[in-house]
Amino acid sequence: MTSKTRPVAQPTVRPRPLARQHRYFTWLSLSLMSFLALMVLIVYESRWVYPEIQGYFSQTGSLTGQQLSTRARVYLQNAQSELLSDQAEQDALDAATLDIDLAYGLTDVHIYRREYTCAEPSLKELDRLAALFVTRGIDRVAAAMALFAPIQCLTYIEMNQLDRRGAAINDFSESTRQHSQVLTYSSLLIFVMGLAFWWLHERQLKRTDRATQETFEWIKRAMRDPLTGIGNRSALHHDVLAQQHQSLGLILVDIDFFKQYNDAYGHPQGDTLLRQLATLIGETLNDEAQLYRLGGDEFAALLHCPNTDTLKRYCRQLIEGLREAGFAHPAHPDQKGVTLSVGGSCFVADEATFPNAYEAADKALYRVKAMGRDGWQVTEDA
Amino acid sequence: MNAVALHRSPWGRVRDRLACALIVVGITLPATAFAQALNMINGDVTQKVALSDLHAMSDTTFTLYDPYQGRDVEMQGVEFRTFLIEQFGEVPPALHFTAWDDYEVTLEGWDDPNWYLISSEDGDPLTIRTRGPVRLVERDYNNQGNGDRDVENLREFNDWIWMIRSIEAKW
């Protein structure tokens, strides 16, 4: 025989304990915060490097990217060319004067005066030459020669400024390298921390799931009759509450003279009879019913019941199915096989209506017993 | 100072004064010789604004730390936005500048009251030697949303346009 009884319904999931939830949230949030910190670090470093690079190289190739001293030196060299050219005296002096003025304007800056001792004398020399050009107090070759000193000074400034710029770029390069290292190691550390926190989160999640599964298993065991494998009284109560507002039928089944059966065959055989009856009841009611053992020799079946006629049909099927099975009962006072007393009631499932339905089905059962057992009764209005 | 210096001949004093005058003339002459006017170009029309007129319309005087000179300088000029409206009718979307040192650049965003076109410093007209005859400066360069600028880093003041020779409206 195989049991067709439906398994006991899964209990509803209970919320995790608060402390466990808190820990679960903490690992997850730490992991997410780590990855967020990694992103913030990368963005910060990017924003640091870009303006520095722009500061050093954005004007490369343009006129403003050149040093003032370079431009001033070029103007003085142009002035020399003008002075030594074949053009007319006045034109040459005018052109040279403009170049010298431009060079003066580019050289006369505070930083050059402060940092380079040759700057001040060079500016004075340019002043002197400009004045001599006005009075024509110097010949063109001598003037061109006189410009060599300021040109030398500007070349020195130029070279020195280039050295400084090179040193600044080296410092920047070194600083960038250090930042790059910090970024690499920090990113690695934060990434590993993020993974570790994520792993802890996953482990916690698995533990929580395992604990939930264990709880489910424990609840299932707690709601199952260990002898027959069907639900117990707690499962019945739970299932009724799980099907609220549905029209249900409750059938109570009691084995007649089961004590005498045990006395005759012994308790192990009595247990076997209980298992066989559980299977038989399940098969007789097809898959429509959920079965429960309420204790001793008392069973219950819960099924959908649109009306009492359906319930009566099930009760009749049960009695007839048992008679067909023909289980022997050597100690039956009426020399019959194993017989059942069956009582039933219909009700609309609710926490308040179930006790009434149970009482009604029980009364029907006792009416059967009072009438000599081996039969069924249904209470019409539970 | 020695006795000889205290008893210089009258001819010597005249000669010194002449030399001083020549130096002054030498310094101021280039500006007068080369930079007499600012060219304002609007399409095919070029209008020369005489430096004397520019000095006359320079109605604002303020003191500013000039990083190029490393000191506070009293500057006199005109609000550049107002000047552009007077010259072009409105502030052009972009301006093309040409400078006496051959620098050329086109820049946008001149509808900004912070920019001044200055023509005098400490009471003296700007010359090419003093990065004139006109120059664009920011009156409040530390209040531009970029934080304080490093006055030791002259690259941060590259947008101060010197030795302006012409300004062309770009519509």
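Is A:Thr284 counted as buried or exposed, and at what relative accessibility? In this predicted model, local features need pLDDT of at least 70 and side-chain atom pairs count only at pLDDT 80 or more, whereas totals for chains, interfaces and linings use all residues. Residues are numbered from 1 along each chain as its sequence is written, chains are lettered from A and ligands numbered from 1 in the order in which they are written, and side-chain values use heavy atoms, with hydrogens and water left out.

A:Thr284 counts as buried because its relative accessibility is 13%, where buried means under 20% relative accessible area, exposed over 50% and partly exposed in between, with a 1.4 Å probe and protein chains only. This residue belongs to helix H10 of chain A, residues 267–284; helices (H or I, at least four residues) and strands (E, at least two) are DSSP runs numbered from the N terminus. Its side chain reaches the backbone oxygen of A:Leu280 at 2.7 Å. Neighbours within four places in sequence being set aside, A:Thr284 is in contact with A:Gln317, A:Leu318 and A:Gly321, contact meaning heavy atoms within 4.5 Å.

Elsewhere in chain A, 5 strands form an open sheet of mixed pairing in the order E2-E3-E1-E4-E5, two strands being paired if DSSP finds at least two bridges between them. Strand E2 (289–295) and strand E5 (375–379) of chain A are the edge strands, each pairing on one side only. Within this sheet, strand E1 (residues 247–255) and strand E4 (residues 340–348) of chain A pair in the antiparallel sense over 9 bridges, and A:Leu248 stands opposite A:Phe347 in E4(A).

Technical notes: A polar contact is a pair of N or O atoms within 3.5 Å; within protein, one must be able to donate a hydrogen and the other to accept it, and residues adjacent in sequence count only if both atoms are side-chain atoms.
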